[in-house]
Amino acid sequence: MSNIVRDSDVVELGGPPVFKFGEMVRANRTIRNDGTYPGKEIGDILAKKGAAGYVVSIGTFLQQFYIYGVEFLESGYRVGMKRKELDPVDACEEVDDPPLPEEIPS
């Protein structure tokens with residue numbers, strides 16, 4: 001157990017959350033079930049690296065971290081994640097709008 005990595009020096013709760021409700025984010029690593037996701041086996045993949053989702057809740061953990069509840073679009077899973085596991089999605093990257101009717105070549 002001496003190889004467990006702890007973020008004991010980090011206290012995020014001194015400032016506001018990095019992400020807001022409804023903000024689109026992307027997992028920057030593959031997230032597996034650690035035994036806290038009901039109905040899935042330990043080790044099952046909940047979110048693949050690069051998967052996009054929306055922040056649907058913001059909570060805290062150990063009076064130290066913000067935990068962002070992210071609902072992933074592809075899988076439909078709602079997963080609690082730390083800030084270090086997420087990246088913001090740029091507004092221009094967020095949506096590829098289909099061309100308007102006048103932009104479609106005839």
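Predicted model: local features only at pLDDT ≥ 70, side-chain atom pairs only at ≥ 80, totals over all residues.

Colleague: What lies between strand 4 and strand 5 in their hairpin?

Modeller: The hairpin has 3 residues between the strands, and in this hairpin L62 takes a positive phi near 55 degrees.

Colleague: What makes strand 1 a partner of strand 4?

Modeller: The cut-off is again at least two bridges, and strand 1 (residues 24-27) pairs with strand 4 (residues 52-61) over 3 bridges, in the antiparallel sense. One of the residues involved is V25, whose bridge partner in strand 4 is G53.

Colleague: In what order do the strands of the open sheet stand?

Modeller: The open sheet is formed by 5 strands in the order 6-5-4-1-7, with antiparallel pairing. Strand 6 (78-81) and strand 7 each have a single partner strand, so they stand at the edges, and one side of each is left without a neighbour in the sheet. From one strand to the next, the twist averages 45 degrees.

Colleague: Why is D87 called partly exposed?

Modeller: D87, which has its place in strand 7 (residues 86-88), has a relative accessibility of 33%. Buried would require a value under 20% and exposed a value over 50%, so D87, at 33%, counts as partly exposed.

Colleague: How do you know that the side chains of D87 and N28 make a polar contact?

Modeller: The distance given for the contact is 3.4 Å, and the cut-off for such a pair of N or O atoms is within 3.5 Å, so the contact between the side chains of D87 and N28 qualifies. Leaving aside residues up to four places away in sequence, D87 touches F19, V25, R26 and N28. The C-alpha atoms of D87 and R26 are separated by 5.2 Å, although these residues are 61 residues apart along the chain.

Colleague: Finally, how many of the residues in the protein chain count as buried?

Modeller: The protein chain has 106 residues, and 25% of them count as buried, a label that requires under 20% relative accessible area.

Notes
Residues numbered from 1 in each chain as written. Heavy atoms only, no water. Buried < 20%, exposed > 50% of the residue type's maximum accessible area, 1.4 Å probe, protein only. Helix = DSSP H or I, 4+ residues; strand = E, 2+ residues; numbered from the N terminus. Contact = heavy atoms within 4.5 Å. Polar contact = N/O pair within 3.5 Å; in protein donor to acceptor, adjacent residues only side chain to side chain. Axes fitted to C-alpha atoms, helices over the stretch in contact; angles between N-to-C directions.
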